[in-house]
Amino acid sequence: MTQDEMKKAAAYAALEYVESGSIIGVGTGSTVNHFIDALKTIKGSIKGAVSSSEESTKRLRAYGIEVFDLNEVTELSVYVDGADEINPYNAMIKGGGAALTREKIVAAVAKKFICIVDNTKNVDVLGGFPLPVEVIPMARSYVARELVKLGGTPIYRQGVITDNGNIILDVHAMKISEPLKTETAINALAGVVTNGLFANRGADVVLVGTPEGVKTLK
Ligand code: 5RP
């Protein structure tokens, strides 16, 4: 089974968590693209979606699924998204696709976070995948110096501007054994919009695509 087939299996398994007549939160990435393809098969039964990126919005609209502005919506039953890494406590690193800030906002509103991953994303300790940090452009050098003080090696993601008009610093070589503490510390730096640690709001259900089938972790 390829990695993409495992992503697809996890994505289709998430349909089980979609309540009919609801508006759902939709994340970003190649696993979520499979989920949006899956949503197409039941599109008549949902009211629509709130999207975490321009990329996902385009795909949803192409399938005729209505995309709502988050400000028009008071409740999201679920948020379905992928992750770059996930630990045994369901804390994640996200933002490989630079959509971390909108992802965090939509996830905050949702009652349940359903994380869809293939089994290469499971790790014991976060930090093997460089941690993305969205930064206001004028604060880039200052925030980079502060991230070094926190023990990381930040690298400017060249040529990438987020949907919010900001830049991304990817923090390499940081072993994150206390994700909640690290998430809070980085977010406290002036100029940081948010970072890709989802520990404060972790996943409620994790659907892991494996060669033996989809495993559900809670
Ligand atoms: C985008 C994300 C994605 O969920 C993460 O990068 C996983 O992507 P993929 O499903 O393509 O492996 O956080 O900002």
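Q: Which residues have the most contacts inside the largest nonpolar core?
A: This is a predicted model, in which local features need pLDDT of at least 70 and side-chain atom pairs count only at pLDDT 80 or more, while totals for chains, interfaces and linings use all residues. Residues are numbered from 1 along each chain as its sequence is written, and side-chain values use heavy atoms, with hydrogens and water left out. A nonpolar core is a set of buried Ala, Val, Leu, Ile, Met, Phe, Trp, Tyr and Cys residues joined through side-chain atoms within 4.5 Å, where buried means under 20% relative accessible area, exposed over 50% and partly exposed in between (1.4 Å probe, protein chains only). The largest such core has 24 residues, and those with the most contacts inside it are Val26, Phe35, Leu39 and Ile116.

Q: Which element gives the largest share of this core?
A: Helices (H or I, at least four residues) and strands (E, at least two) are DSSP runs, numbered from the N terminus. Elements giving two or more residues to the core include helix H1 (3–13), strand E1 (23–26), helix H2 (30–40) and strand E6 (110–118). The largest share is 5 residues, and it comes from H2.

Q: How far is an oxygen atom of the ligand from an N or O atom in the side chain of Lys121?
A: The ligand is surrounded by 17 residues (a heavy atom within 4 Å), and Lys121 is among the closest, with Ser30, Thr31, Asp84 and Gly95. Polar contacts are pairs of N or O atoms within 3.5 Å; within protein, one must be able to donate a hydrogen and the other to accept it, and residues adjacent in sequence count only if both atoms are side-chain atoms. For Lys7 the distance from a polar side-chain atom to a ligand oxygen is 3.0 Å, and for the side chain of Asp81 it is 3.4 Å. For Lys121 it is 2.7 Å.

Q: How much of the ligand's accessible area does the protein cover?
A: Accessible areas come from the Shrake-Rupley method with a 1.4 Å probe; for residues, only the protein chains shown count as cover. On its own the ligand has 380 Å² of accessible area. The share that the protein covers is 91%.

Q: How many residues apart in sequence are the parts that Arg59 and Asp37 tie together?
A: A salt bridge is a side-chain nitrogen of Lys or Arg within 4 Å of a carboxyl oxygen of Asp or Glu, and Arg59 forms one with Asp37 at 3.2 Å between the closest N and O atoms. Arg59 lies in helix H3 (residues 54–62) and Asp37 in helix H2, so the two parts tied together are separated in sequence by 22 residues.

Q: Which helix holds the salt-bridge partner of Arg102?
A: Arg102 pairs with Glu54, the closest N and O atoms being 3.2 Å apart. Arg102 sits in helix H4 (residues 100–109), 48 residues away from Glu54. Both are partly exposed, Arg102 at 25% and Glu54 at 45% relative accessibility. Glu54 belongs to helix H3.

Q: Is Glu146 buried or exposed?
A: Glu146 meets Lys149 in a salt bridge of 2.9 Å, N to O, and both lie in helix H5 (residues 140–149), about one turn apart. Lys149 is exposed, with a relative accessible area of 65%. Glu146 has 15% relative accessibility, so it counts as buried.

Q: What is the area of the nonpolar surface patch that includes Val193?
A: Patches are made of residues with over 30% relative accessible area and no salt bridge, with like charges joined within 9 Å and nonpolar side chains (Val, Leu, Ile, Met, Phe, Trp, Tyr) within 5 Å. Val193, in strand E10 (residues 192–195), is partly exposed at 32%. With Ile136 and Met138, Val193 makes a patch of about 310 Å².
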